[in-house]
2 protein chains.
Amino acid sequence: MTDGTRDLDHLIDLLAKLPGLGPRSARRAVLHLIKKRSLHLLPLAEALTKVGQTARECLNCGNIGTSDICDICQSDKRATGEICVVEDVADLWAMERAGVFKGRYHVLGGTLSALDAVGPDELRIPKLIDRVASEAVTEVILALSATVDGQTTAHYIADQLGGVTVTSLAQGVPVGGELDYLDDGTISAALKARKSF
Amino acid sequence: MTDGTRDLDHLIDLLAKLPGLGPRSARRAVLHLIKKRSLHLLPLAEALTKVGQTARECLNCGNIGTSDICDICQSDKRATGEICVVEDVADLWAMERAGVFKGRYHVLGGTLSALDAVGPDELRIPKLIDRVASEAVTEVILALSATVDGQTTAHYIADQLGGVTVTSLAQGVPVGGELDYLDDGTISAALKARKSF
């Protein structure tokens with residue numbers, strides 16, 4: 001085995017470690033990239049290097065951007081007094097794609113978890129309490145997963161925040177959802193939260 | 001939107017175009033890479049750049065390596081007189097993983113296809129005929145897909161090659177295969193090619 005095949009194998013190994021890819025799809029991806037060298041491989045290498053050099057976490061909210069304070073925290077338009085608390089940057093992106101929330105975010109970086117020994121200080125919870133005290137926050141919207149850990153985290157945060165309205169996302173039937181395919185918990189939550197038609 | 005988020009979106013778009021990844025898994029991959037910047041993102045960017053600069057097709061067989069003639073074609077150990085004809089570099093890699101073939105390869109770069117207007121000159125078929133005439137080839141093993149296009153290509157190549165033994169891979173029940181889950185064609189091929197036990 002020469003340096004050349006070692007380079008290829010190394011690239012395949014690295015790609016195979018990405019979430020959603022395995023060795024087989026990594027091999028396919030590498031062959032595809034080599035075939036489309038100037039259109040795909042070189043731009044991808046460049047984009048990775050650029051993001052690797054510039055991406056950083058916002059010191060205020062934990063969002064990923066290229067400056068110490070992210071675009072959303074810098075924008076005056078987003079100073080609505082609402083903070084949407086999410087677990088992860090992926091959740092923030094999902095909220096932004098929906099395009100209905102006009103306030104700012106706070107990315108926790110996970111949920112409290114007794115099993116994984118994640119306490120409040122491992123998350124960005126102290127910073128959230130600071131922000132609520134120092135920024136003109138009128139409402140904290142908890143957009144956390146409807147899992148045990150997510151809801152534990154939501155209750156903990158609600159307990160810590162005094163003097164500010166704390167809300168959470170509604171639970172119910174998803175848009176386009178068929179009752180037949182929904183789990184019992186969702187149906188009972190939707191029934192409990194039923195509203196006049 | 002600033003340059004920073006444009007860089008991120010650009011990276012996500014490029015990753016989403018890889019076979020096996022979509023926008024959703026590309027976003028997950030990018031967040032994962034940013035979290036593991038020095039362990040994963042920077043090495044990946046480096047490996048891509050390196051492969052982008054050095055990878056090239058072997059002028060003899062079409063395999064991917066880093067020199068004009070690939071390692072397998074350069075190795076005297078592989079000069080067994082057997083040439084295994086495959087469609088794609090991925091197939092060559094699959095044969096090498098199996099580790100039973102000790103000869104050299106010839107990568108066609110696809111199959112003949114009337115629909116896609118792929119003729120013999122679009123593939124590496126003339127070069128194969130040259131090799132059989134100039135190298136001391138004793139056997140050409142056709143390891144092509146068991147599809148209509150693959151078998152058409154196999155018949156065409158067998159017709160073109162005179163004075164050399166041409167064989168093809170056996171068809172039958174795959175190792176670990178259960179009869180119940182096999183298609184009719186495979187069962188009938190396996191029955192026709194039955195052998196004394």
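Chain A exposes about 11200 Å², and carbon and sulfur atoms supply 53% of it (areas by the Shrake-Rupley method with a 1.4 Å probe; for residues, only the protein chains shown count as cover). Keep in mind that this is a predicted model, where local features need pLDDT of at least 70, side-chain atom pairs count only at pLDDT 80 or more, and totals for chains, interfaces and linings use all residues. Residues are numbered from 1 along each chain as its sequence is written, chains are lettered from A and ligands numbered from 1 in the order in which they are written, and side-chain values use heavy atoms, with hydrogens and water left out.

As for the fold, chain A has 8 helices and 6 strands (DSSP runs numbered from the N terminus: H or I of at least four residues for helices, E of at least two for strands). From the N terminus, the order is α-α-α-β-β-α-β-α-β-α-β-α-β-α. Chain A is more spread out than a compact globule, because its radius of gyration is 22 Å, well over the 16 Å that the globule rule gives for 197 residues (taken over C-alpha atoms; the rule is 2.2 Å times the number of residues to the power 0.38).

Now the partner chain. Here is what the contact looks like (heavy atoms within 4.5 Å):

| Chain | Residues in the contact |
|---|---|
| A | 47 residues |
| B | 47 residues |

Together, chain A and chain B bury about 4500 Å², 73% of it on carbon and sulfur atoms (accessible area, 1.4 Å probe, that two parts lose on being put together, summed over both). P19(A), L48(A) and W93(A) supply 14% of the area that chain A buries against chain B, more than any other three residues.
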